[in-house]
Amino acid sequence: MARHRRQLIRGERQVVDRLVRDYRVVESAISLRLAEVAREIEAARSAGVPVGAKWLARRERYRQLLSDVETQVGRYARSSGRLVLARRRETSALGIEHGRELVKALGIRRSLAGVPSRAFEAMVSQFEDGSPVLGLFDGMASDAIAAARRAFLDGIALGKNPRDVARSLAPLPGLVSSAVRRSARDRAVLIARDGAMRAYTSAQSALYAENADVVLRSVVVSALDGRTCYLCVGQHGRVVEHGESIHRHPGCRCALRPIVAGMPETVSSGEEWLRSQAEAVQLAKLGRSRFALFRAGLPLRAMYEEVDHPKWGPGLRALPLSRLPSRVSPSG
Ligand SMILES: [Zn+2]
Ligand SMILES: [Zn+2]
């Protein structure tokens with residue numbers, strides 16, 4: 001399964017690289033406009049014109065800036081949306097391919113039934129129309145405009161004399177870009193990651209359910225390495241019945257290993273794995289407070305909760321320390 005994970009990560013990296021590269025184009029176009037507006041403000045200030053929000057709103061260059069933000073980010077949002085959906089189709093196919101390999105690796109010689117193409121299409125498109133993906137991309141352009149406007153007006157409000165204004169405007173292109181970046185680029189990346197992995201495990205589930213005579217159920221497996229978070233460690237080894245949805249946090253890379261007929265269903269839990277690790281490993285994974293509770297016997301699964309998000313579906317959420325017991329009484 002390490003090879004499967006590497007394959008998934010490689011594909012994901014390509015999509016993320018593309019999202020970031022496309023975003024740079026947006027960013028540099030906007031930076032040019034920003035510099036123009038900044039120069040205009042500086043010139044007005046040194047000519048003694050009082051510069052305020054109203055004055056700014058009348059400037060053609062400023063309006064051009066906002067409209068460019070909308071056009072550029074809007075275009076970015078649409079092309080990212082297409083890219084993300086294509087990636088979902090790809091990971092759905094990978095989920096089926098990897099699922100087949102896993103069943104075969106368990107010694108099943110019989111050829112497996114495929115996921116009927118209509119079911120596959122339904123699975124891929126369940127992420128399309130009216131899905132949170134495109135909805136999130138929709139709001140991206142308007143959020144970016146709001147971020148640009150806010151950053152600009154804040155900069156204006158900070159300026160007391162032309163020199164201060166110049167100084168406060170100088171870093172503005174960067175300021176606006178980073179505000180826009182947070183609201184646009186990072187969101188695109190997260191959507192791409194999360195959706196692709198959900199599509200991947202949905203496809204694995206569908207394949208296993210199609211072959212219910214051989215695959216009895218499946219089990220959540222995580223990498224159990226230095227980068228696996230404690231929620232995923234807690235989920236590792238959890239048995240999933242056909243048709244049951246799996247709870248995961250955004251960006252989770254857990255997969256579903258099949259359990260086939262005639263084989264012992266022994267999958268040790270992530271909890272057991274973490275308890276067998278050195279204290280330093282446990283501490284790194286949990287942080288000081290949770291580590292202390294874990295050592296006192298609090299199981300990982302008591303440190304997070306399952307939530308059913310109306311848009312994103314079944315998810316996992318870490319419980320804040322305030323909701324964890326302050327001390328754990330030793331059991332048995
Ligand atoms: Zn995780
Ligand atoms: Zn996970």
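Q: Start with Val73. Buried or exposed?
A: Val73 counts as buried, because 28 C-beta neighbours lie inside 10 Å. The cut-offs: buried means 20 or more other C-beta atoms within 10 Å of a residue's own, exposed means 12 or fewer, and partly exposed is in between, with C-beta atoms placed from the backbone.

Q: What kind of model is this, and how is it labelled?
A: This is a predicted model: local features need pLDDT of at least 70, side-chain atom pairs count only at pLDDT 80 or more, and totals for chains, interfaces and linings use all residues. Residues are numbered from 1 along each chain as its sequence is written, while chains are lettered from A and ligands numbered from 1 in the order in which they are written.

Q: Back to Val73. Which helix is it in?
A: Val73 lies in helix α3. Helices (H or I, at least four residues) and strands (E, at least two) are DSSP runs, numbered from the N terminus.

Q: Which residues touch the most other members of the largest nonpolar core?
A: Val69, Val73, Ala144, Ala148, Ala192 and Ala203, out of 60 residues in that core. The core draws at least three residues from each of domain 1 (2–189) and domain 2 (213–323). A nonpolar core is a set of buried Ala, Val, Leu, Ile, Met, Phe, Trp, Tyr and Cys residues joined through C-beta atoms within 7 Å. Domain bounds come from an automatic or database domain assignment.

Q: What span should helix α3 have?
A: Helix α3 covers residues 60–105, 46 residues, so at 1.5 Å a residue it should span 68 Å. Its end C-alpha atoms are 66 Å apart, which agrees. The expected span is 1.5 Å times one less than the number of residues.

Q: What follows α3?
A: Gly107, with a positive phi near 95°.

Q: At what angle do α1 and α3 pack?
A: About 175°, with the axes of α1 (residues 2–46) and α3 10 Å apart. Axes are lines fitted to C-alpha atoms, for helices over the stretch in contact, and angles run from 0 to 180 degrees between N-to-C directions. The two helices are therefore roughly antiparallel to each other. Angles over 145 degrees count that way, under 35 as roughly parallel, 65 to 115 as roughly perpendicular, and the rest as oblique.

Q: Is Val25 buried or exposed?
A: Val25 is exposed, because it has 12 other C-beta atoms within 10 Å. Val25 lies in helix α1. Val25 and Gln72 are 8.8 Å apart, C-alpha to C-alpha, and 47 residues apart in sequence.

Q: New topic. What is the phi of Leu224?
A: It is near 50°, a positive value in a residue other than glycine. Most residues other than glycine have a negative phi. Leu224 sits in the loop between β1 (215–221) and α9 (230–235).

Q: And where is Arg248?
A: Arg248 is in the loop between β2 (239–240) and β3 (255–260). Arg248 is buried, because 24 other C-beta atoms lie within 10 Å.
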